[in-house]
Amino acid sequence: MEFVAGPPARWHLTLKDGTLLELWADGYGIVNGAYEFSALVRATEEEQGQAHVLARTPSDSHRVMVAVARLATGSVQDVHTASRPSHDGACVCPGLPGSSAGE
Ligand SMILES: [Zn+2]
């Protein structure tokens, strides 16, 4: 299985209890009240059977969008693409609320 769109972006999700979740995905959608993160990959039929496939490319059966993570929107306070890796489990992206770095 390989990433089609290059290395996935880094995302920061701040949960309601203040926990920071850092994950890597191409993007996300909101489906049935949950954030659904996904990545576009090239995968064999066998690999697709082991992943949760969200969408397929009609013209290319090996190009699929697989689920990476799912979280109820109600448990998430903030979502952003991370400009910096987390530090000691905290977001240090500049210029974001809740960031300890500031601008
Ligand atoms: Zn951040």
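The following paragraphs describe a predicted model of a protein chain, from its overall layout to a few individual residues.

The chain contains one helix and eight strands. Along its principal axes, the C-alpha trace spans about 45 × 30 × 20 Å. Of the 103 residues in the chain, 16% count as buried. Among the contacts with a separation of 6 or more, 50% join residues 24 or more positions apart.

One part of the architecture is an open sheet of three strands, arranged in the order E3-E2-E8 with antiparallel pairing. Strands E3 and E8 stand at the edges of this sheet, and each has a single partner strand, so one side of each is left without a neighbour in the sheet. Neighbouring strands here are turned against each other by 20 degrees on average, direction ignored.

Strand E2 covers residues 9-15 and strand E3 covers residues 20-25, and the two pair in the antiparallel sense over six bridges. Thr 14 stands opposite Leu 20 in E3. The two strands form a hairpin with four residues between them. In the turn of this hairpin, Gly 18 has a positive phi of about 95 degrees.

The backbone angle phi also draws attention to two residues elsewhere in the chain. In general, most residues other than glycine have a negative phi. Asn 32 has a phi near 50 degrees, a positive value in a residue other than glycine. This residue is located in the loop between strand E4 (27-31) and strand E5 (34-42). Is Asn 32 buried or exposed? With 8 other C-beta atoms within 10 Å, Asn 32 is exposed, because a residue counts as exposed when 12 or fewer such atoms lie within that distance.

The second residue is Asp 88, whose phi is near 55 degrees and is again a positive value in a residue other than glycine. Asp 88 lies in the segment after strand E8 (76-81), and E8 is one of the edge strands of the sheet described above. Asp 88 is exposed, since 7 other C-beta atoms are found within 10 Å.

How values were computed:
Residues are numbered from 1 along each chain as its sequence is written. This is a predicted model: local features need pLDDT of at least 70, side-chain atom pairs count only at pLDDT 80 or more; totals for chains, interfaces and linings use all residues. Two strands pair if DSSP finds at least two bridges between them. A residue is buried if 20 or more other C-beta atoms lie within 10 Å of its own, exposed if 12 or fewer, and partly exposed in between; C-beta atoms are placed from the backbone. Two residues are in contact if their C-beta atoms, placed from the backbone, lie within 7 Å. Axes are lines fitted to C-alpha atoms, for helices over the stretch in contact, and angles run from 0 to 180 degrees between N-to-C directions.
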